[in-house]
Amino acid sequence: LDKNNSNVASEDYIMESDENLSHEKHGPVWAWNEWDPLEEVIVGNVNGATVPPFTVEVKANTYAKHWEFFRKHGGTSFPEGYLKKANAEIEEFCNILKHEGVEVKRPDNMDFSQVYQTPDFESCGMYAAMPRDILLVIGDEIIEAPMAWRSRFFEYRAYRSLIKEYFKGGAMWTTAPKPQMADELYDQVYPIRSVEDRHRLAANGQFVTTEFEPCFDAADFMRAGRDVFVQRSQVTNYMGIEWMRRHLEKKGIRLHTLSFKDPNPMHIDATFNIIGPGMVLSNPDRPCHQIEMFKNAGWDVIHPPNPLISDDHPLWMSSKWLSMNVLMLDPKRVIVQSTETSIRKLFESLGIECIPVNILHANSLGGGFHCWTCDIRRNGELESYL
Ligand code: ABU
């Protein structure tokens, strides 16, 4: 039926269709997993994106070949040419999402180069490009992560207009305890010089963040209904995990801590990305130490092919594995980087339709489609998959 046609049958169709949207049933915020049909999403923006100052926590999360970039540009804009191209890519990404029937919301513009001082530290900001890093939706609740980088302390401010609207519409709104981010939160002499150092430190469970106080980034969590998975990473400490475990337990959600052979753990979504009920993309370079738990539960553990992005494309804040950092629109449709033809073939072989989009320059800021978004509403119910 044509929705624009004003006959009675058409109006009936619209009413029926609206009733089927989860907004009508559950309010503006509602998502339990990474794959139920996506109705509304926040997409980040590049406006005001500022290179973070080269502090110990930034050094621990970035690769040596880019340290000179941070030393030189910390506190100033990311290269304008890149931002312009990234902006065009993200606008097109938003258009495609809308075309696919998804409502798109954007954060407020901020001046991230503004220097701020707290009793414990001084920094400038970074960006509002990666809502996944800071916001986590579990059911009808939107949780603001405390973060771990000083340059991200005030990042939540870019999302407050949206969050207040969701709150007015009935959503639960939680802010995890704000860390002081005093010097004690960081191992000031975290000994990284080489990739070997990184492997040794990660294998020994040594990270740049200490256990001084809870900290976490939302992107270290991966949702699958009653089971949510998290990793101890450079930005998520055990106190942060424990805070979330107690918080989620009250909702009947089990939080499982996973670990991976990963020299630089920061954000789980280019390591272990759950794409459907009992179906996970598991990074072959970063084997999961608890993988038997998933196999025993009958999950399909899928190893995605090597990324195809060229070595000389700058990725200042991520690995090349953004190729698997995909966004599911529903269990049968995925947004995937257009140039990553190998993983596209994999999805097609799984019966998942690919919607190819190009965000290569946006990748340079540290994220793929999953990072650049935060799903606010997915149409589905709380279920157990493990
Ligand atoms: N922020 C996502 C990047 C994760 C990774 O490169 O593995």
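Reader: How far does a backbone N or O atom of Gly366 lie from a nitrogen atom of the ligand?
Author: This is a predicted model, where local features need pLDDT of at least 70, side-chain atom pairs count only at pLDDT 80 or more, and totals for chains, interfaces and linings use all residues. Residues are numbered from 1 along each chain as its sequence is written, and side-chain values use heavy atoms, with hydrogens and water left out. A polar contact is a pair of N or O atoms within 3.5 Å. For the backbone N or O atom of Gly366 and the ligand nitrogen, the distance is 3.2 Å.

Reader: How much of the ligand does the protein bury?
Author: Areas come from the Shrake-Rupley method with a 1.4 Å probe. Taken alone, the ligand exposes 250 Å². The protein buries 93% of that.

Reader: Which residue has a polar side-chain atom 3.0 Å from a nitrogen atom of the ligand?
Author: Ser319 uses a backbone N or O atom, 2.7 Å from a ligand oxygen. The side-chain atom at 3.0 Å from a ligand nitrogen belongs to His267.

Reader: How many residues of the shell around the ligand are charged?
Author: The ligand is surrounded by residues including Met266, Ala270, Arg286 and Cys371. Asp, Glu, Lys and Arg count as charged. The shell has three nonpolar residues, four polar and, as charged, one.

Reader: What is the radius of gyration of the protein chain?
Author: The radius is taken over C-alpha atoms, and the globule rule is 2.2 Å times the number of residues to the power 0.38. With 386 residues, a compact globule would come near 21 Å. The chain agrees with that, at 20 Å.

Methods
A residue is near a molecule or strand if one of its heavy atoms lies within 4 Å of it. A polar contact is a pair of N or O atoms within 3.5 Å; within protein, one must be able to donate a hydrogen and the other to accept it, and residues adjacent in sequence count only if both atoms are side-chain atoms.
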